[in-house]
Structures are given as structure tokens and as C-alpha cells.
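Open the model in your viewer and keep the selection tool ready. The stops below go one by one.

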Amino acid sequence: MNNEDIFFKRGSYRQEIIKNENDKKYFNKVTNNNNNNNNNNNNNNNNNNNNNNNNNNNNNNNNNNNNNNNNNNNNNNNNNNNNKNNNNNNNNENEERIKRFKEDNKIKTNEMRKIHMNDLNEYYQKYKEEIELNLKVNKKKLSVAMVFGYDGTGYYGLGYQVDIKYPSIENLIEKVLFRCGHILPSNVGELKRLKWSHSSRTDKGVHSLATVISCFLVVDDHTFKNDINQTFIDRINNYLPPSIRLFTACKVSRSFQARKKGIERSYNYMVPSEYLNNITTNQMNQILQIFIGINSYHNFTSKRKTYLSNNNSNSNNKNNNENEKDEENDNEEEEEEEEFENNNSNNNTEIENNNYRLNEKLLFRNNSTNIRNIKSFYVENETIEIQGKSWYKFVIIGESFILYQIRRMMGFFLSIVKGYSTVEALELSLKSPFSICVPTAPPFPLYLFNVQFDPNSNVDQLFSNPKPIESLQSNFLQSQLIPRFNEIENQTNQFKEFFNYLENDHNFNLDDIDQLRILNQQYQIEKEERKKQNQILLKEKQETIEIQKQNLSIEKENRKIKKKEIYSLNNNNNNE
């Protein structure tokens, strides 16, 4: 690499920093499929072994009636040993397979990283003179928060992508900030160096009116001198396409992070009224009320550590609290990234009665990552007319959301309205430990409407632009997003295809709903018993801690008394 290269000041080429999300998802899929295949093969082998053992037992019973009990005991012991050996072999094979995949994945990620950095280098070479000229002026490093709106059509979501085959909103924003001289060449391509953070991470094809991005940028001495700088905003918008707009920007404290400081997100979802002509808004709102409150949305996302591995359930139970704390700290709102796991599938477990619903009840893990608090969910009474077509607007407000959650909430609601599912099924999907297949509604009419921040974060100036941000957002909604809804629906008929899919192909996995009712009642009773037991254990622990504190206090006091006695005795001896 020569001195003209974007990497000149980087030092060593640090490929290991990049963790590609698509590879993680593929890793999940491959390992789960391999585990399923191995389990199926092992089950077949075990069945064959059992059949052979049964035949041998029958022969032995016929030939050696006096030794029946001894033979049966020996066979049972052998079967147990064989099962243990098979389990150990399976674990070793899976570990080797995972190790090999990680090595292949690292090579693949490094290749994508090289292609990505070469793409950025070409961009740098194209605008080098402009970038270098801007960098001569921009010397001051500031923590900045920016409010963006965008039409997500044609982009693979907001989140930054290393694989250039999947362009994202953040990739484009980074290039524009780089071109304007607000990101140093030594930092481009590595957003972690900028402390980059977004308030919400939308999925492919989803839009936004209020995405806040915070990061460290280099600016000149005049930028943000009076909090809001319209010149900075106009210059960024000059290089962005009309489908992406920077509404406002301001300097913030160095500790501000948009994701962590966001305490509430509001999304809107639009549905053509022609598909909801058999139900009133009051009836719709009665169904939507079921979602309000704190529930486990394990059925409304790509499952992450929902069920414990049967072989490792004891150790997993011990580490449950620690794992959940880690997930909460690393939890990112989306509408989100998936993390590697190899214990999601029910096929990874085997219980003697071979009943997978019982497996789910026994091995369900109330994973904090799936727990979400929905504060409000309703449909507005008045429809919105878009080019002669009326649409209902649904408003969803919550603290945060996970991958596919809102679209699956809408998908389940629409399936109930059209008679493809029931309210009871919805309640089971939210309140029970069982896996239910929830349909995913189309992405294009979903958009982030608003984000509220912790009052102590002092970002009020973000929404006090001399040009009121509400009018900018409203103009973008009317000019860019609303026409897009009609355009996409007319061109692709996504809602029509969605309802055809519900009618002809979708299976909610609820053929055994009668059994689920009984098992769920048992689960709820056991859950209450565990809750009471945990409260008793917590009380006992607190009492033990209190006793220990008292004992320590008594020991400390005794040491003081003893020390005084020794001191007094020494004084008496000296006087004598």
C-alpha cells in the first residue's frame, strides 16, 4: 500500500474487528441443520440398536428363562452406556464442525472486509481533493447527534453492512460524512472508532422519520457554536439522495449514545382499508389491547436461546441470570441483529415420551431478550386517503422492539381479523412457553415515527430547530413515504399475496391446541410455585446476609474491646 492509500495511517490491517451479521445468521442455520440431521441419525441408530437388543432379549428369554432378569438388567445398562457414548460423540462432532465453520467464516469475513475497504478506498480516491480540503478546515472533534428520515425501499435496512452486495442507509451516510470531511480517513469503515450509535435499527424495506444517530465527528470552529448549524445540515443533504434527509443536528455530551438513551419508540403501520371492511375500529382495538403490557415475544422474532439444551440444562440454569444480564446490556432495538446459538431447535432435545410440546414446557427459558413492554397499540378511527385509496394507520408504542416483532404483531392481528386464527391462539403465543408459527406482515408500510430520550440526556435542542422538525418530518412523510405506500402496493400486491398465503399455505402449528391448553395451565401453576419458591429463597438469602452483617459487627466490636484491654494491660505493666 502506498502513501496515497486510505489505509496509510491505519497501521496493521485489523480484520478481526468486523463481525458480519449475515455470517452469524448463516452460522445459526448451518449448525442447527447439522444438529438436526445428527439427532435424526442418532435417533435412527438408537432405534435400530433398541430393536436389535429387543430381538436378542426375546431370544434369550426363550432360551434362558432362568436368566431373564439378569439379561434385561445387562441390556439396560448397555443401552445407557451406548446412549452416553453417542451423546459424547455427537458433542465432539458438533464442536469440531463449529470450529471448522468458524475458521471458514473468518476467511470469508476477511475477504468481504477487504472488498468493503477497497470500495471505500475507491470512493476516497474519487473525492480525495475535496476530502483533503475539508479536513484542513475541520480540526475540532465533537460528539454530535443527527435526526434522519429515510425511505427504506431498495436498502437492506439501516444497520451498517460490511458486505457491499447489501447496501444500507448507514453505509451511505458514512460516505457522505466522509466526503464532507467529518470523518478521518483513518476511521472510515470502522464506526466503532466514532462511538457510532443509532436510536433504532429498522429492517429491510422499513422507513423512518426520526432515527437519531450519535457519533464523534470532526468539524470547523464555527460549526455547532450555537447548538444548531443549518450550514452543516444543508451541506450533508446536498450529497444525500432525496430519499434520505437530515432534519436537524446538534452537539451533545460526550457520553450520549442514541441507543442507550432512547427510552420509548413509536412506529406507525399502514393497512389498506379494503382488507379491513368487515370489522369496526372498536373491535380492532379490542384485539390490539391483548398486546399491551410485558410479554415474551419469542414467537414474534427469530428465536434466540428460547429453549435450553436438554444435555446442558443444569449448567444453563445455573448461568441463566448471568446470561440474561449480558443480553440486556447488549440488547439492540430493531425492527436486529442475531447472535450465534446452537440450542434453539426443539429437535436438539430428547425426552423419553418423545413429546416435543412437553419438551418445550420443560425447557422453555424466559429469555430477557425476548421480553418487551408494549405501552400502547391502537388503530386510528379516521382513514387516510392516498391517491384515491384509503388506509388505516396503526400506532405501536413500546420501550424497544426486536427483529420482525412489529410486522409479526400485525401479521397475527390481520390473521385474526380475516378468520385464519383466534384470540386464544394469540394469548397462547404471548403467555405460554410453546412455539407457534406467526405470519410476518409486509415491511413497506412500516415506519419509525418518533423516539423519546431520557430527560437527563439533555437533547431537547435536537427538536428545537429554528425550522420546526415536525414540519420537516411531515413534509417528508407526505412527499416521500405516503406516495411510496400506494406505489409499492399497486406494483407488488404484497397485501393480497400475504392474505393468499394465510389462506392457502400458512400453518400456525396449533393442531394440538387442546393439549396446549392443559400444558399451559400446568405451566402457569408451576410458574407461580417457582415464583413463590424464589421469593422464599430470596428472603432466606437476605436474612442470612443480615445475620452475617450482625456477626461481623459483633466480631468487630469484640476486637475493639480486646484491643483496648491489651492496650490498658500494657500501660499498667509500663507504670509498674
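Helices (H or I, at least four residues) and strands (E, at least two) are DSSP runs, numbered from the N terminus. Buried means under 20% relative accessible area, exposed over 50%, and partly exposed in between (1.4 Å probe, protein chains only). Residues count from 1 along each chain as its sequence is written, and side-chain values use heavy atoms, without hydrogens or water. The model is predicted: local features need pLDDT of at least 70, side-chain atom pairs count only at pLDDT 80 or more, and totals for chains, interfaces and linings use all residues.

**Helix 10.** Select residues 356-363. The buried residues here are Arg 357, Asn 359, Glu 360, Lys 361 and Leu 363.

**Strand 5.** Select residues 262-272 and find Arg 265. Is Arg 265 buried or exposed? Arg 265 is buried, at 3% relative accessible area. Its side chain reaches two backbone oxygens: that of Gly 262 at 3.0 Å and that of Glu 399 at 2.9 Å.

**Two cysteines.** Select Cys 180: it is buried, at 0% relative accessibility. Cys 437 is partly exposed, at 35%.

**Confidence.** Colour by pLDDT, the predictor's confidence in each residue, from 0 to 100. The chain averages 79, and 74% of the residues score at least 70. Select residues 11-31, then 42-72: pLDDT stays under 50 over the former and under 50 over the latter. Where pLDDT is low, the predicted coordinates should not be read in detail.

Definitions and conventions
A polar contact is a pair of N or O atoms within 3.5 Å; within protein, one must be able to donate a hydrogen and the other to accept it, and residues adjacent in sequence count only if both atoms are side-chain atoms. Contact means heavy atoms within 4.5 Å.
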